Amino acid sequence: MTSFSDPQAVARYAEGPVKQVPGFLALQQMAALLLAEAVPDDGCVLVLGAGGGLELKVFADAHAGWRFVGVDPSAQMLALAQATLGPQAERVDLLEGYVDAAPAGPFDAATCLLTLHFLAADERLHTLKELRRRLKPGAPLVVAHHSFPQTAREKKRWLDRYAAFGAASGIPAANARNASEAISTRLPLLTPEEDVALLHEAGFESVELFYAGFTFKGWVAYCPGA
């Protein structure tokens, strides 16, 4: 996540996901609906990887009584989140850091969107365990990130599709190819099966796939004990 310390990258952030993530706006809407199945009208939601504030604003706009804690390691991205939220920022506590910086809760739900693919498997497992520790019994966790087959042939095919989607969405083709190459070489990618296994190992249950968009997958999982 170090690229988000670049002020120019921060400024461009809000434009990127719609062009790079198939169904990005629908992904946020689906996440809000999944949260609403369990979060009470006056509930509190933990948003990990909250920099930019895009999903925070969607959640806050949809549920006037919810409160939020947003955590992100980039001060610049948190400043962008503050600006994105506008008046809704009054209901959001923004904290700089990683999952260990989050309050103990317990929270009614948590999300981690387009973030876990930056973390190696051991760091992901730690993050997921810490999220579970901060959730109430039965509370949902919504995650979505790059997750696709990792054999050489399949990996190339899916990343070619990722680049093609970006180019079709208005990103210059060379830039889309460069982004695909960066994902291939710099991110500690896992397969969907490995991601689901990590959720179970972290102690979540009833893991359900709710979103699939080319290289991206999204799951909702639940803290046990409801």
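## A covered strand

From strand 4, the residues Ala109, Thr111 and Leu113 point one way while Ala110 and Cys112 point the other way, and all of them are buried, where buried means under 20% relative accessible area with a 1.4 Å probe and protein chains only. In a regular strand the side chains alternate between the two faces of the sheet. Helices (H or I, at least four residues) and strands (E, at least two) are DSSP runs, numbered from the N terminus.

This is a predicted model, in which local features need pLDDT of at least 70, side-chain atom pairs count only at pLDDT 80 or more, and totals for chains, interfaces and linings use all residues. Residues are numbered from 1 along each chain as its sequence is written, and side-chain values use heavy atoms, with hydrogens and water left out.

## Its partners

Strand 1 (residues 44-48) pairs with strand 4 in the parallel sense over four bridges, pairing being counted if DSSP finds at least two bridges between two strands; here Leu46 stands opposite Ala110. Strand 5 (residues 140-146) also runs parallel to strand 4 and is joined to strand 4 by four bridges, with Val143 as the bridge partner of Cys112.

## The helix

In helix 6 (residues 121-133), the buried residues are Arg124, Leu125, Thr127, Leu128, Glu130 and Leu131. The buried residues of helix 6 pack against strand 1, strand 4, strand 5 and helix 9 (192-201), contact meaning heavy atoms within 4.5 Å.

Note on methods. Buried means under 20% relative accessible area, exposed over 50%, partly exposed in between (1.4 Å probe, protein chains only). A crossover is right-handed if, with the strands pointing away from the viewer, the path from the first strand over the helix to the second runs clockwise.
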